[in-house]
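Please look at the sequence and the structure before reading on.

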Amino acid sequence: MDLGGINPAVLIASLMVASVPIMLAALGELVVEKAGVLNLGVEGMMIIGAVMGFAVAVNTGSPLAGFLGGAAGGAILSLVFALLTQYLLANQVATGLALTLFGLGLSSLIGQGYVGIRPPLTGALPFGPLADIPVIGRILFRHDWMVYFSLLMVAATWAVLKFTRIGLILRAVGENHDAAHALGYKVRRIRVLAICFGGAMAGLGGAYVSLIRVPQWTDGITSGAGWIALAIVVFASWKPWRVLLGAYLFGGITVLQLNLQAAGARIPVEYLSMSPYLITILVLVIMSSGRGRIAAAAPAALGKNFHASR
Amino acid sequence: MEGLTKAYPGVVANSDVSFRIRPGEVHALLGENGAGKSTLVKMIYGLVKPDSGWMSLRGQDYAPAEPSVARSLGVAMVFQHFSLFDALSVAENVALGMEAPPKLRELAARIRKVSQDYGLPLDPDRMVGDLSAGERQRVEIIRCLLQDPKLLIMDEPTSVLTPQEVDILFQTLRQLAREGTAILYISHKLEEIRSLCDEATILRRGKVVATCTPREKTARELAELMVGTVLTPPERSAKPKGDVALEVTGLSVASPIPFGTALKNVAFTVRKGEVLGIAGVAGNGQDELLLALNGELRTSPSAVKIAGVPVGAAGPIQRRKAGMVSAPEERLGHAAAPDMSLVENALLSGSVRKGLTKSGFIDWAGARRFAEGIVQQFDVRTPGTDVAARSLSGGNLQKFVVGRELSQAPTVIVINQPTWGVDASAAASIRQAIIDRAADGAAVVVISQDLDELLEIADSFAALNEGRLTAPRPTQGLTMDQIGLMMGGAHGMEVAHAEA
């Protein structure tokens, strides 16, 4: 069952893999933005996660330790952002951009000794006979554990934001930090924790790129995935399940573009690489017009610094 | 509580304040803007720590480190600026103000029950952003009621309610007091305090100046205790009215505000020297009417005429040139840019009529003189004209905003809620300034939810109800009942109380 030299089952299976890094990073950023903080340093935190994950995995021989290292790397870098924006009240946009540039530089410094090495392999989870079901088995049951973990995180993020008290407080802080403060919630602490979570998720996404998706270390390995993650958050209008949709759409286009190239299609690949961004803009236009305006709006305090005396 | 003192850099907000409230008592806290009322209640609610002095609650030492401690000890507060979250539902907002909220579904049922018991109907699933100001306040009150408070603090609760809604609120509060709740009631409206409160503590510049039983004093005496000087009610001029200055005919326009109210065939005329008061419950088209009058919302040219010239399609700047000035209700963000200085704010609205820009360049010296003039003439208390607008207290900023518009030698003035959240003496001076401008021959439209204010200054009276305007009637001889009917009654709130 091939369409123009492309097998749909293989295509879907590989888009699920391709979308893992951006899905993780976008989920983290969604939580950060729900708390009212705009961290544009996702790309920087991802690539630090990628190099830290790679280094830890190579030195310990354990991919799991590698992922933990990647998450820790991203989280530590995000704490720099938290310190600058939450305690020193630096501008969030400028700090986020600086974080990306800093992360790119630091990662290539750390990664110098690791070029050309292969990391320990992460195998597919053994589903036994399930993996042999035609089509479905190929699509659903032949992935590594991180694919399932990322899907689980979408559900978990959604459930926590919608049903738990901590999720409610997080949304409240992002909506109106002055009112949250008046009710006695620790705006700053909640935001720092959210930023830290966002950093860890971006780091995980980065580690997935260097440990599974590529898998090796080269400079600038994340190649803009962090920016796509930021676009997905907006595309998803701050809703976790739409992050899944957005990540699959963006991941799918990446995979499709590779496959089309391999199949020798005549569409210039540049059009395909442009399309995710065009779609994001289209979605934004549609969202900002008409009745859905309030429900789809960004957290009201997004990007605003909080100072208790105001 | 005894001898509470709190000093901020530069000012002592409260100095040696002492008073006591008994269970079941409604205690009024009176004072001008900046008298230290807010700081005092913040200390009681645990948002600010006192520098010295002590508090006790029901015989126990009481020193809340944070609001959650205060809440768990049975202290609840309804804030002056609503502490609500627009994008969350009513139930979620209530849950955020509670220490250990039940599941949302259970909470929704409790909200329905309590709101019915106290005659404040409310749908727990609605988004707070879609509610009117009166309904928002219900959310805050119900949030407090669900915690079964021992002490309820209410910071200026009635500024946005109709007379009927105020009655219902007072019934609720009296019912609570009968059940043994102590209520600390902060308000500028002296008549309300006289009808509701058992005791009053009066603050001036951070100190207690008097404690009295408000029923035994007249509103005038209370106001004078609060201000420390003798107040004069605004004087009206008896001059005959001039030609028609502002004419509105067949004004129908859809609302640009999400879930706003469309204006439906609004028509009125205002003569030179006349003050038209427009009443109505929040959310009945007041904001839209202001926008349509000041040019932010455009209509067909002939719907709005200034001195006979059609300006319905003109923008705010052309209308300013034609002599119309306006002051919207929302001080921060609409009437003033919060993070810009007073000079810049004065320039923003005054540049057209005061000629503060010349071939694209700004006359900063002129703008500064203009701002300083406003500060002086309208007694705006501020460290200088270079401070950000948001750092002024609500009343002072309101004086500045209204003063800025009135100082531009206007022929038509449109003001929405001129004295919202402003204390008695500031309100009196704002009202007097409005009347003075009318006496100078300006036509004035005052949109307000404060009926006493409208009756005090308006020559004719009309009410907005769901976007329709009643025919203006002369103010003299109107009774409260007639006004209530013009405003559309109590919006289905009476029924619940009849059962209770």
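How do α12(B) and α13(B) lie to each other: roughly parallel or oblique? Helix α12 (residues 364-377) of chain B and helix α13 (residues 394-406) of chain B pack at an angle of about 120°, and their axes are 9 Å apart. They are therefore oblique to each other. Angles under 35 degrees count as roughly parallel, over 145 as roughly antiparallel, 65 to 115 as roughly perpendicular and the rest as oblique. Axes are lines fitted to C-alpha atoms, for helices over the stretch in contact, and angles run from 0 to 180 degrees between N-to-C directions. Helices (H or I, at least four residues) and strands (E, at least two) are DSSP runs, numbered from the N terminus.

This is a predicted model, in which local features need pLDDT of at least 70, side-chain atom pairs count only at pLDDT 80 or more, and totals for chains, interfaces and linings use all residues. Residues are numbered from 1 along each chain as its sequence is written, chains are lettered from A and ligands numbered from 1 in the order in which they are written, and side-chain values use heavy atoms, with hydrogens and water left out.

**Helix pairs**

| Helix pair | Angle | Axes |
|---|---|---|
| α3(A) and α5(A) | about 15° | 7 Å apart |
| α2(A) and α11(A) | roughly 55° | within 8 Å |
| α12(B) and α13(B) | about 120° | 9 Å apart |

α12(B) passes α13(B) in a right-handed crossing. A crossing is left-handed if the near helix is turned anticlockwise from the far one by less than a right angle, and right-handed if clockwise. Phe370(B), Ala371(B), Ile374(B) and Val375(B) of α12(B) make the contact with Phe400(B), Gly403(B) and Arg404(B) of α13(B); contact means heavy atoms within 4.5 Å. By class, this contact has five nonpolar, one polar and one charged residues. Ala, Val, Leu, Ile, Met, Phe, Trp, Tyr, Cys and Pro count as nonpolar, Asp, Glu, Lys and Arg as charged, and the others, Gly among them, as polar.

In chain A, α3(A) and α5(A) are roughly parallel to each other. Their crossing is left-handed. Residues of α3(A) in the contact include Val42(A) and Met52(A), and those of α5(A) include Leu99(A) and Ile110(A). The contact has ten nonpolar, four polar and one charged residues.

**Sheets of chain B**

Six strands of chain B form an open sheet with mixed pairing, in the order β6-β7-β8-β3-β9-β10. Two strands pair if DSSP finds at least two bridges between them. The edge strands are β6 (75-78) and β10 (207-212) of chain B, each pairing on one side only. Strand β3 (residues 26-31) of chain B runs parallel to strand β8 (residues 182-186) of chain B, and four bridges join them. Val26(B) stands opposite Ile183(B) in β8(B). Helix α8 (residues 219-227) of chain B lies across β3, β9 (199-204) and β10 of chain B, at about 35° to β9(B).

A further open sheet in chain B has four strands in the order β12-β11-β14-β15, with antiparallel pairing. β12 (263-271) and β15 (309-310) of chain B stand at the edges with a single partner strand each, so one side of each is left without a neighbour in the sheet. Two bridges link strand β14 (residues 304-306) of chain B to β15(B), and Lys305(B) stands opposite Pro310(B).
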